[in-house]
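My notes are below the structure.

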Amino acid sequence: MLAFDKGKDFAFDKNPCEACRNLSRHSCTIHDKLTQEGFPGCVAYDCLGAGNRVIQEVFAGQSWQDEPRLIPVMMEAFSAMREVHKRIDLLRAAEILPLEQQEDQTRRDFLDHLEQHHWSGTELNEFEFGLALEIDIFLLGISKYLSAASYEK
């Protein structure tokens, strides 16, 4: 449901909230030959698991294909869930840093919450202005370890 422009990564233009013409129900009809068909952008794209979580957690298995009225709210939830999953990736990556015990505990607490929480649409709407900001501030605080970690390799 994401938009893309015709170019080296996509063989045609697609507007946001418009189904891809290669989609049949929930499957890509050209998945095994995306690159050959002009879609290396699809091969490179990773939703980080956000799509499945939105469908299962936020919409209890409902599909925009069965209920087109859900398209805008599902896309909004998907965008927010991608932000959740971006922070999950950053918190996982921070595991290799030489964090103080309390900092590592905070990292693990944030990670556990993001991974185990069953999100509602309202919580996702509030995420960027609440918990995401707390996590970003925490990540900024531990960024001092990045240069130290790069020298240890």
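**Ground rules.** I am working with a predicted model, where local features need pLDDT of at least 70, side-chain atom pairs count only at pLDDT 80 or more, and totals for chains, interfaces and linings use all residues. Residues are numbered from 1 along each chain as its sequence is written, and side-chain values use heavy atoms, with hydrogens and water left out.

**Cysteines.** I searched the whole structure for disulfides (pairs of cysteine sulfur atoms within 2.5 Å) and found zero. Cys 17 is in no disulfide; its nearest cysteine sulfur belongs to Cys 20, 14 Å away. Cys 28 is in none either, and the nearest cysteine sulfur, again that of Cys 20, is 6.4 Å away. I then checked accessibility (buried is under 20% relative accessible area, exposed over 50%, partly exposed in between; 1.4 Å probe, protein chains only). Cys 17 is partly exposed at 35%. Cys 28 is partly exposed at 30%.

**His 85.** Is His 85 buried or exposed? I find His 85 buried, at 9% relative accessible area. His 85 sits in helix H3, residues 71-93. Helices here are DSSP runs of H or I, at least four residues, numbered from the N terminus. I listed contacts (heavy atoms within 4.5 Å). Beyond its neighbours within four places in sequence, His 85 touches Leu 48, Gly 49, Ala 50 and Arg 53.

**H2 on H3.** I took axes as lines fitted to C-alpha atoms over the stretch in contact, with angles from 0 to 180 degrees between N-to-C directions. H2 (residues 50-58) packs on H3 at about 120°, axes 8 Å apart. That makes the pair oblique (under 35 degrees is roughly parallel, over 145 roughly antiparallel, 65 to 115 roughly perpendicular, the rest oblique). Residues in this contact include Ala 50, Arg 53 and Val 54 of H2, and Met 81, His 85 and Ile 88 of H3. By class, I get 10 nonpolar, two polar and three charged residues. Nonpolar covers Ala, Val, Leu, Ile, Met, Phe, Trp, Tyr, Cys and Pro; charged covers Asp, Glu, Lys and Arg; the others, Gly among them, are polar.

**H4 on H6.** How do H4 and H6 run relative to each other? The axes of H4 (residues 101-116) and H6 (residues 131-142) come within 11 Å and cross at roughly 150°. H4 and H6 are therefore roughly antiparallel. The contact involves, among others, Phe 110 and Leu 114 of H4 with Ile 135 and Phe 138 of H6. By class, I get six nonpolar, two polar and three charged residues.

Definitions and conventions. Helices (H or I, at least four residues) and strands (E, at least two) are DSSP runs, numbered from the N terminus.
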